[in-house]
Amino acid sequence: MADIMRLEGFAELDRNLEKLSKAAGKGALRRALKTSASSIADAANAAAPQGDTGEYAKSFAYSKKLNDRQRGLHRKLFRDDRAAVEGFVGTNDPAGVQQEFGNINHVPQPALRPAWDAEALPTLDRLKTELADEIDKSVARAARRNARS
């Protein structure tokens, strides 16, 4: 079942992003996304089952890159990748899919889905706040740079 989310305040942020250069805007978006989405990885690490080695429970992380296999499966959401900012939360642990969804010999022990369910809306709220802060900082930096010129 799909949840319905209503986003408010992002139109203002989009208008403020237009005041920045493309590079400064992407940098602000990347920093805000990393800061706000890292909590999903933290929640997944906390929810992951502790094995003998404990490596799986520490394997979830935020990244802006995918491994070769993931890159091949990834469906691009944007035609122009130069204008897009994407981030990913997950694990490169080969046992990750088996742990999350289970198999014939192993019951599912999900970690990422419960973390997403708990953190999706708070992450969007954090993203709005972080993005506003990053845009303000970038606008201030640009103003200082222009004042020196």
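## Helix α2

Helix α2 bends by about 25° at A37. The model is a predicted one. The helix covers residues 22-47, which makes 26 residues. From the first C-alpha of α2 to the last the reach is 38 Å, close to the 38 Å expected at 1.5 Å a residue. Helix α2 also takes part in the largest pocket, where α2 is among the elements that supply at least two lining residues each.

## Largest pocket

The volume of the largest pocket is about 1700 Å³. Its lining consists of 47 residues, and those closest to the centre are G87, F88, V89, G90 and L112.

Several secondary-structure elements contribute to this lining. At least two residues each come from α2, β1 (61-63), α3, β2 (88-90), α4 (96-101) and α5. Helix α5 gives the largest share, with 8 residues. Sorted by class, the lining has 29 nonpolar residues, 12 polar ones and 6 charged ones.

## Salt bridges within helices

The structure has 4 salt bridges. One of them joins R71 to D68, with 2.9 Å between the closest N and O atoms. Both residues belong to helix α3 (residues 68-73), where they are 3 residues apart, about one turn of the helix. D68 counts as exposed because its relative accessibility, 62%, is over the 50% cut-off. R71, at 48%, counts as partly exposed, since exposed residues must be over 50%.

A salt bridge also links D117 and R113, at 3.0 Å from N to O. These two residues are in helix α5 (residues 112-148), 4 residues apart, again about one turn of the helix. D117 has a relative accessibility of 49% and so counts as partly exposed. Helix α5, which holds this pair, is also the element with the largest share of the pocket lining.

## The E119 and R126 pair

E119 and R126 form a salt bridge as well, and their closest N and O atoms are 2.9 Å apart. Is E119 buried or exposed? E119 counts as buried, because its relative accessibility of 18% falls under the 20% cut-off.

Notes
Residues numbered from 1 in each chain as written. Predicted model: local features only at pLDDT ≥ 70, side-chain atom pairs only at ≥ 80, totals over all residues. Heavy atoms only, no water. Salt bridge = Lys/Arg side-chain N within 4 Å of Asp/Glu carboxyl O. Buried < 20%, exposed > 50% of the residue type's maximum accessible area, 1.4 Å probe, protein only. Expected span 1.5 Å × (residues − 1). Bend = angle between axes of the 7 residues up to and from the residue. 1 Å grid on protein atoms, 1.4 Å probe; cavity = no way out; pocket = protein on both sides within 12 Å on 5 of 7 lines; lining within 4 Å. Points joined across faces, edges and corners; volume = space filled by probe spheres on them. Nonpolar A, V, L, I, M, F, W, Y, C, P; charged D, E, K, R; others polar.
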